[in-house]
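The sequence and the structure are shown first.

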Amino acid sequence: MREKILISTGGGDAPGLNAVIFAVVKSATRKGWEVYGSRSGYGGLLDRDDLVRLSPEDVEGILPIGGTILGSTNKGNPFAMPVENLAGEIQVIDVSDKIMSNFKRMGFFCHVAIGGDGSLEIAHRFAQKGMPVIGVPKTIDNDLEATESTFGFDTAVSTATDAIDKLHSTAKSHDRVMVVEVMGRDSGWIALYSGISGGADVILLPEIPFSLDAVCEKIADNELHDKHYSIVVVAEGAASEGGKVMSKGKGELGRDEMVLGGVGEWVAAEIRDRLGKDTRSLVLGHLQRGGSPTTFDRLLALRYGAAAVRMAEAEVFDHMVAWTPPTMTSVPIADAICRRKKVDLSSDKVLTAREIGICLGD
Ligand code: F6P
């Protein structure tokens with residue numbers, strides 16, 4: 001019997017999460033279903049206090065709000081969860097069976113899991129254990145396969161572009177090179193879109209190992225053409241030819257991913273040493289994850305949420321909602337997480353960058 005539906009938000013937050021929740025709650029309630037939200041990923045299936053009933057009144061006004069009203073975590077893998085034992089030691093245990101039995105006991109017929117590749121992989125593992133799961137693709141990185149775009153990406157690009165715009169005047173006033181490090185993990189979507197739109201001179205992507213010679217040549221060429229300042233946009237996952245991606249280690253306990261960062265500062269120091277130019281670097285960091293979603297992301301997120309409820313009604317499980325313009329479709333979750341979506345180097349966006357004179361480090 002279709003009566004109770006569960007919704008959770010896992011992994012790093014992204015602008016638009018609340019719009020998905022809004023659409024699921026409004027649409028499912030209109031079908032006569034009850035919607036429950038699980039706080040901090042699967043928390044609500046481990047502890048009843050972390051389960052919250054969501055009525056249409058509860059979601060009024062949340063569309064423009066960034067983050068997620070449910071909270072999120074990227075160290076909450078129920079298949080390998082760090083817990084403290086009685087002796088105060090940390091043990092990694094599998095709580096997936098407990099979650100499965102609580103899900104059934106609580107009478108849910110479906111779980112809408114909003115997440116990036118890590119959270120969707122966990123959702124897929126639960127689907128294989130028998131949980132009827134529907135995935136909704138979220139990440140500012142836009143690195144999920146099988147969907148044109150994830151929600152949150154447009155807002156992150158907009159924030160990064162705005163920041164790059166603002167750097168032009170100060171770079172120009174001081175004849176400086178400004179190096180901006182943006183997020184995106186191993187994919188260069190945010191760097192490429194914001195770098196082109198923000199009028200960068202150099203964009204360094206994880207997809208193209210870069211040569212510092214090429215970067216310095218571009219900056220020197222700017223000088224020759226009487227442009228005494230330059231803007232360099234570096235994706236956090238970019239690496240020099242033969243070099244390694246820079247990271248700050250694993251971060252919190254129970255986290256699988258490395259925390260990337262440091263490449264912007266390193267590139268800035270190399271430019272300063274090689275060219276003797278006054279150079280500054282900045283890391284945009286979590287600014288890109290914050291704030292109100294753009295109209296584009298809001299609408300996309302609402303469409304994802306409404307489509308997820310349609311899929312629940314049609315009982316299309318272990319699938320993710322996919323945006324294949326102009327329509328919303330569904331794809332097996334396995335197809336969306338099989339690899340990370342990278343920038344296509346033969347795409348017209350990359351060609352555009354090259355044709356307008358942007359150096360891509362190669
Ligand atoms: O996946 C989204 C993302 O913002 C990446 O771009 C970034 O590398 C990572 O999350 C940062 O994670 P955290 O919030 O744990 O530092």
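## Helix α3 and its surroundings

In this predicted model, helix α3 spans residues 117-128. Its 12 residues reach 16 Å from the first C-alpha to the last, close to the 16 Å expected at 1.5 Å a residue.

The buried residues of α3 are D117, S119, L120, I122, A123, H124, F126 and A127. The elements that cover them include α2 (96-105), β6 (108-115), β7 (133-137), β12 (319-324) and α9 (333-337). After α3 comes G130, with a positive phi near 110°.

## Packing of α4 against α5

Helix α4 (residues 153-173) packs with helix α5 (residues 189-197) at an angle of about 45°, and their axes lie 8 Å apart. The angle makes α4 oblique to α5. The crossing of the two helices, α4 and α5, is right-handed.

On the α4 side, the contact is made by F153, A156, V157, A160, T161, I164 and D165. On the α5 side, W189, I190, Y193, S194, G195 and S197 take part. By class, the contact of α4 with α5 comprises eight nonpolar, four polar and one charged residues.

## Backbone features in loops

N142, in the loop between β7 and α4, has a positive phi of about 55° although it is not a glycine. This residue, N142, is buried, with a relative accessible area of 3%.

E315 also is not a glycine and has a positive phi of about 55°. E315 is found in the loop between α8 (295-314) and β12, and at 48% relative accessibility E315 counts as partly exposed.

The peptide bond from P325 to P326 is cis, with omega near 5°. P326 is placed in the loop between β12 and β13 (327-332).

Terms used
Residues are numbered from 1 along each chain as its sequence is written. This is a predicted model: local features need pLDDT of at least 70, side-chain atom pairs count only at pLDDT 80 or more; totals for chains, interfaces and linings use all residues. Side-chain values use heavy atoms; hydrogens and water are left out. Axes are lines fitted to C-alpha atoms, for helices over the stretch in contact, and angles run from 0 to 180 degrees between N-to-C directions. Helices (H or I, at least four residues) and strands (E, at least two) are DSSP runs, numbered from the N terminus. Angles under 35 degrees count as roughly parallel, over 145 as roughly antiparallel, 65 to 115 as roughly perpendicular and the rest as oblique. A crossing is left-handed if the near helix is turned anticlockwise from the far one by less than a right angle, and right-handed if clockwise. Contact means heavy atoms within 4.5 Å. Ala, Val, Leu, Ile, Met, Phe, Trp, Tyr, Cys and Pro count as nonpolar, Asp, Glu, Lys and Arg as charged, and the others, Gly among them, as polar. The expected span of a helix is 1.5 Å times one less than its number of residues. Buried means under 20% relative accessible area, exposed over 50%, partly exposed in between (1.4 Å probe, protein chains only).
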